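Please look over the structure shown here before reading the briefing that follows. The points after it are grouped by topic.

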Amino acid sequence: MTPTVEKTLLIAGIGMVGIFVFMTLFYLLIIALDRFLPYQEERATEELSEDSITDEEE
Amino acid sequence: MNTLLSLADNLSKFWSYTGFFNAEIGHIVMILIGLVFIYLAIKKEYEPLLLIPIGFGILIGNIPFNEAANLQVGIYEEGSVFNILYQGVVKGWYPPLIFLGIGAMTDFSALIANPKLILIGAAAQFGIFGAYIIALQMGFAPNEAGAIGIIGGADGPTAIFLTSKLAPHLLGAVAISAYSYMALVPVIQPPFMRMLTTPKERVIKMKTPRVVSQTEKIMFPIMGLLMTAFLVPSGLALLGMLFFGNLLKESGVTRRLAETARGPLVDTITILLGLTVGASTQATTFLRVESVKIFAIGALSFVIATCTGILFVKLMNLFLKKGDKINPLVGNAGVSAVPDAARISQTTGLEYDPSNYLLMHAMGPNVAGVIGSAVAAGIMLGFLY
């Protein structure tokens, strides 16, 4: 294997591993966002506040 | 008599300045190529917003004139109008502005709702590194191979950005190749999608994505920027602008800025980018064996990206529970041709099950592909610049 081929494969290998590492971290980031900022809670809070407004109006 | 001689002399001089006098076969061939681009854009509607400026740019760039006369009209003549407009390509500041617009029009909800799809966007980047290896084996220098490899990301602005840094002399061929294959995505991808999937796999119905909260949508570009800046600083120009544009869209308080970014700004830059890239493809630099090789490697890179995306989904399905399986027809969307690749997933899926709508699911890997190709460009830049 020539040095050029070795370097090529090294860059390609590091590049692909780097992209997968980056994307996996992104994946974990999104999971964390979902865990700490879930939609359900937000909606539930909104519904609660809407209910309380309706109650107050009544 | 003297007047007649003077008139003849002036006419002869005028003739020597005309395009007819200076035309060579290369100019004619390039003009024909420009006309084909315009024809494809108007008649076949292949990426008209890009192919018309590029096609017309090819016409402008290949109008023959007397270069010795210093008319300052050519794109490579310092100080000419086209040369000044071309600086946005040469210095690499058009592509980040396009990314700003892309960010302002992209909805990352599909990705946030089903984050495992982001890995498909990573797998499809094998196209870039596969093409990089092939280009090196075909005799290109490492920096040239990096620029050629990025065609596999199916992202025109990224290809132009990286090539302007690594191999500016290949800019025309790489840009034309990238945009041509992006326009041909509906032709290139479906045969490989059918070849690599079974009839049973093609009708997999994916779970309806969950609803994404506005807070998540706002936090995503901020966290994305911070992660990019710390992990791949060389990708900051593209990804920084992408996430900035997305925050303008999602914040809900900068609607005017978001509308400008995804409307007039991106349109203006697209016009300037297309026109100047087209004009930079002159016969002397474009009609060479290298360009043919670049086109061949570009086609291969698209095929590799499509195949690896689909195969990776099949691999993921081996580990996923029955209800969570992914339809492999969304694997092609790992390339960043947004939203064309996702639309192909949708149309191909509908051929086998008219009630199976894959567009929303395919948008996840599609926008992940935009991020993935920009990260790949950043990595290439880090190694080869």
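**An enclosed helix in chain B**

Helix α11 of chain B (residues 156–166) is largely enclosed by the rest of the structure, because 11 of its 11 residues are buried. Here a residue is buried if 20 or more other C-beta atoms, placed from the backbone, lie within 10 Å of its own, and helices are DSSP runs of H or I with at least four residues, numbered from the N terminus. The model is predicted, so local features need pLDDT of at least 70 and side-chain atom pairs count only at pLDDT 80 or more, while totals for chains, interfaces and linings use all residues. Residues are numbered from 1 along each chain as its sequence is written, and chains are lettered from A and ligands numbered from 1 in the order in which they are written.

**Contact between the chains**

- Chain B gives 31 residues to the contact and chain A gives 22, where two residues are in contact if their C-beta atoms, placed from the backbone, lie within 7 Å.
- On the side of chain B that touches chain A, α8 (118–123), α9 (126–137), α15 (214–231) and α21 (359–384) of chain B each supply at least two residues, and the largest share, seven residues, comes from α15(B).

**Domains of chain B**

- The domain assignment, automatic or from a database, gives domain 1 (1–66) and domain 2 (85–384) in chain B, and the C-alpha centres of these two domains of chain B lie 34 Å apart.
- Their contact takes 21 residues from domain 1 of chain B and 20 residues from domain 2 of chain B.
- On the side of domain 1 of chain B that touches domain 2 of chain B, the largest share, 11 residues, comes from α4(B).

Terms used. A residue is buried if 20 or more other C-beta atoms lie within 10 Å of its own, exposed if 12 or fewer, and partly exposed in between; C-beta atoms are placed from the backbone.
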